[in-house]
Amino acid sequence: MNIFVTGGTGYIGSNTCVKLIEAGHNVIVADNFYNSMPEVLDQIKIITGKTVKFYETDLLDAEGLDKIFEENEIDCVIHFAGYKAVGESCQKPLKYYNNNITGTLNLLFSMRNHNVKKIVFSSSATVYGNPETVPICEDAPLSTTNPYGSTKLFIENILKDISKSDEEFSISILRYFNPIGADKSGYLGDNPVGIPNNLMPYIVKVAKGELSCLNVFGNDYDTHDGTGVRDYVHVSDLADAHIKAVEYIADKKGCFVHNIGTGVGYSVLDIVKTFEKVNNIKIPYKITPRRPGDIATCFANPEKAKKELSFTAKLSLEDMCRDSWNYAKDK
Ligand code: UFG
């Protein structure tokens, strides 16, 4: 298939491009390098031996986007592009609503103009808000606690409305839990600009000595060691889930929602200990107050993805910690 990947040089997008190419698909990428580097394209080529067709295009540029659809026979879109920093989204909500929602609307208009009716959307467990129970199933109540999360939920709703209005659409919504890790080649990983917000990028900066110590945000949660519990999933497994989703909607009409996680929750201190063990590096940490907006526990019920997409995460927490470090240590 010819698959158009928005945000294809980003962390999850680039790992997915590798898997798509390995599965025999023809990949067309658009990115504006807001949160990624042009070198990623060379790295995809080193890993796969194939060059992806690339457009440096912003999704807010509707004409530029339309041109991509004019120049390529696109069968399916995988939509990653979007801003993703929770804290910044609270400071600058309009920036997030404009980029994430307007960019998606432009994409959907281009798809409509060119009769492209298959899309996989990169959603997030953030749409479950503060979950009432865990593990979380796809039919759990939806709510959000920040503008970033709201953009994900709005886009899900837009896609559901499109599916209702046009039975020819095939839509896959993937709700990711906490992606970490990197491609085993050591090339494609998470390398955020500035001081990281997320746990694993922060840990690797401490491991490199660029930050002095990890702040563990609270040890008084109702969890096995008091620190926050999340469902960490290896980015290569997550990338595989996209291949399964593309295959799943290839011959089905409608809108389908799947959790992508392992179904297992690990605490912040579990991550620290595993990282230390597999990489043989000490991670100094101190307990600090809870981060506003954080929840105690969040992990997936992954059964629907297993049954319908034949997707099961294969890589362990050890793999995730080792690959994250293998990627980050020389950056
Ligand atoms: N944490 C720390 N110290 C840090 C960073 C994080 O203790 O420096 C803790 C958090 O309190 C939390 C856990 O590590 O308990 C994971 O935090 P992350 O920031 O890595 O991830 P979140 O679960 O907060 O959020 C992630 C994504 C969001 C997404 C959400 C969906 O960043 O985009 O998962 O579940 F919406």
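Is C17 buried or exposed? In this predicted model, C17 is buried, with a relative accessible area of 0%.

Let us stay with the cysteines for a moment. The closest cysteine sulfur to that of C17 belongs to C76 and lies 13 Å away, too far for a bond. A disulfide would need the two sulfur atoms within 2.5 Å. C137 is in no disulfide either, since the nearest cysteine sulfur, that of C298, is 12 Å away. The disulfide count for the model comes to zero.

Now turn to helix α3, which spans residues 62-71. Its buried residues are G64, L65, D66, I68 and F69. What covers them includes the strands β1 (2-6), β2 (26-31), β3 (53-56) and β4 (76-79), along with helix α5 (93-113).

Helix α5 leads us on to another neighbour. Two packed helices are described by the angle between their axes and the distance between the axes. For α5 and helix α6 (residues 147-165), the angle is about 20 degrees and the axes are 9 Å apart. Because angles under 35 degrees count as roughly parallel, α5 is described as roughly parallel to α6. Their crossing is right-handed.

Which residues make this contact? From α5 come P93, Y96, Y97, N100, I101, T104, L105 and L108. From α6 come P147, Y148, S150, T151, F154, I155, I158, L159 and I162.

Key: Residues numbered from 1 in each chain as written. Predicted model: local features only at pLDDT ≥ 70, side-chain atom pairs only at ≥ 80, totals over all residues. Heavy atoms only, no water. Buried < 20%, exposed > 50% of the residue type's maximum accessible area, 1.4 Å probe, protein only. Helix = DSSP H or I, 4+ residues; strand = E, 2+ residues; numbered from the N terminus. Contact = heavy atoms within 4.5 Å. Axes fitted to C-alpha atoms, helices over the stretch in contact; angles between N-to-C directions. Parallel < 35°, antiparallel > 145°, perpendicular 65-115°, else oblique. Left-handed = near helix turned anticlockwise from the far one by under 90°.
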